[in-house]
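Me: I've got a structure open and I'd like to learn how to read it. Can you walk me through it, one feature at a time?

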Amino acid sequence: MRKQDYSTRRQFLGLAGGAAMVGAVPIVTLREAEATPATLAAAIHNVVGTAEVRTGKVKLDVPPLVENGNTVPMTVSVSSPMTSDDHVASIHVFNEKNPQPNIGNFYLGPRAGRAQISTRIRLADSQKIVAIARMSDGSFWSASADVVVTLAACTEEVI
Amino acid sequence: MASALINVPAHAKRGDVIEIKTLMSHVMETGYRHTADGKVVPRDIITSFTCRYNGVEIFRADLFQAIAANPFVTFFTVAAESGKFEFEWIGDNGFSETASASISVA
């Protein structure tokens, strides 16, 4: 009697483990629609082409931990004298794991006076954000930041 | 439906760098969400924002689904002359809104 109890418990645990495995599979397949580091690289390539992107000059301010990915404040500033000879032409911001890799393109000019923009963005997952600045001389500078998101945006169900 | 909020300083000294804050009321529906019965909610976002200062474009932005609802954009410009800022938002489904603000530069 005692021995039989033991075997049903083992069967139960085996079944429960199997059910957990089956449950895990759909979660993995749902992730396919997301932007991946490859699409991030492709989106950056669309803007930058084959030019070299150097790290520096750009400052990307996002909170390191956000509770709600639906609205995340973001500020990008670039150190530049903003004269007609030497200014920031545009700022491009990308993400790694939203369903699509672009966040925004911002076109400035020497009349901006200060190369700084702020907006509020959506993040579908904890991920890396990349900001790239195109200078008037054609060089590219970048900065990146990692953000941890507890409540994801973009793909939740409409009620 | 006037749904824009603009913050531009009313007065500035010539050559000052001033901050311009803009907010446009819009759902920015991503097109990635589903209703409870599985239908995709179609994309409806603002795709372009432009600011002109006395007719000259000083700032432009391409927006994507990753911009939060009610897009809030701030940027800077040099106060060069008295005049008018014109703002324009263009989006999906023929969305088009404009707003303007005046500045007097001493």
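Me: In chain A, over which residues does pLDDT stay under 50?

Reply: This is a predicted model, and pLDDT is the predictor's confidence in each residue. Go to residues 22–32 of chain A: pLDDT stays under 50 there, and the model has one contact beyond four places in sequence for that stretch.

Me: Which elements of chain A have the lowest and the highest mean pLDDT?

Reply: Helix α1 (residues 2–30) of chain A has the lowest, with a mean of 54. At the other end of the scale is strand β7 (residues 116–121) of chain A, with 96. Taken as a whole, chain A averages 83, and 75% of the residues score at least 70.

Me: Okay, now the inside. Where do I look for nonpolar residues?

Reply: Start with the general idea: in soluble globular proteins, nonpolar side chains tend to be buried together. Here the largest nonpolar core has 57 residues, and Phe59(B), Phe75(B), Phe85(B) and Phe87(B) have the most contacts inside it. The largest share of this core, five residues, comes from strand β9 (residues 140–151) of chain A. There is also a second, separate core of nine residues, with Leu40(A), Val48(A), Phe94(A) and Ile132(A) among them.

Me: How do I read strand pairing? In which sense do β4(B) and β7(B) pair?

Reply: Look at which way the two strands run, then find residues that stand opposite each other. β4(B) and β7(B) pair in the antiparallel sense, over seven bridges. For a landmark, find Thr50(B), which stands opposite Glu88(B) in β7(B).

Me: And what does β7(B) do with β8(B)?

Reply: Those two pair in the antiparallel sense as well, over eight bridges. Glu86(B) stands opposite Ser100(B) in β8(B). The two strands form a hairpin with four residues between them, and in the turn Asn93(B) has a positive phi of about 55°.

Me: What does Ala99(B) touch?

Reply: Ala99(B) is found in strand β8 (residues 96–105) of chain B. Not counting residues up to four places away in sequence, Ala99(B) touches Ala4(B), Ile6(B), Phe85(B), Glu86(B), Phe87(B) and Trp89(B). Its relative accessible area is 18%, so Ala99(B) is buried.

Me: Loops next. Where is Asp92(B), and what does its side chain make a polar contact with?

Reply: Asp92(B) is in the loop between β7 (83–91) and β8 of chain B. Its side chain makes a polar contact with the side chain of Arg43(B), at 2.9 Å. With residues up to four places away left out, Asp92(B) touches Arg43(B), Asp44(B), Ile45(B) and Thr47(B). Although it sits in a loop, Asp92(B) is buried, with a relative accessible area of 15%.

Me: Last one: how do I describe where the chains meet?

Reply: The size of an interface is often given as the accessible area lost when the parts come together. Chain B and chain A bury about 2,800 Å² between them, 53% of it on carbon and sulfur atoms. In chain B, Tyr32(B), Ala66(B) and Phe76(B) lose the most area to chain A, together 22% of what that side buries. You can count residues too: 33 residues of chain B are in contact with 30 residues of chain A.

Definitions and conventions. Residues are numbered from 1 along each chain as its sequence is written. Chains are lettered from A and ligands numbered from 1 in the order in which they are written. This is a predicted model: local features need pLDDT of at least 70, side-chain atom pairs count only at pLDDT 80 or more; totals for chains, interfaces and linings use all residues. Side-chain values use heavy atoms; hydrogens and water are left out. A nonpolar core is a set of buried Ala, Val, Leu, Ile, Met, Phe, Trp, Tyr and Cys residues joined through side-chain atoms within 4.5 Å. Buried means under 20% relative accessible area, exposed over 50%, partly exposed in between (1.4 Å probe, protein chains only). Contact means heavy atoms within 4.5 Å. pLDDT is the predictor's confidence in each residue, from 0 to 100. A polar contact is a pair of N or O atoms within 3.5 Å; within protein, one must be able to donate a hydrogen and the other to accept it, and residues adjacent in sequence count only if both atoms are side-chain atoms. Two strands pair if DSSP finds at least two bridges between them. Buried area is the accessible area (1.4 Å probe) that two parts lose on being put together, summed over both.
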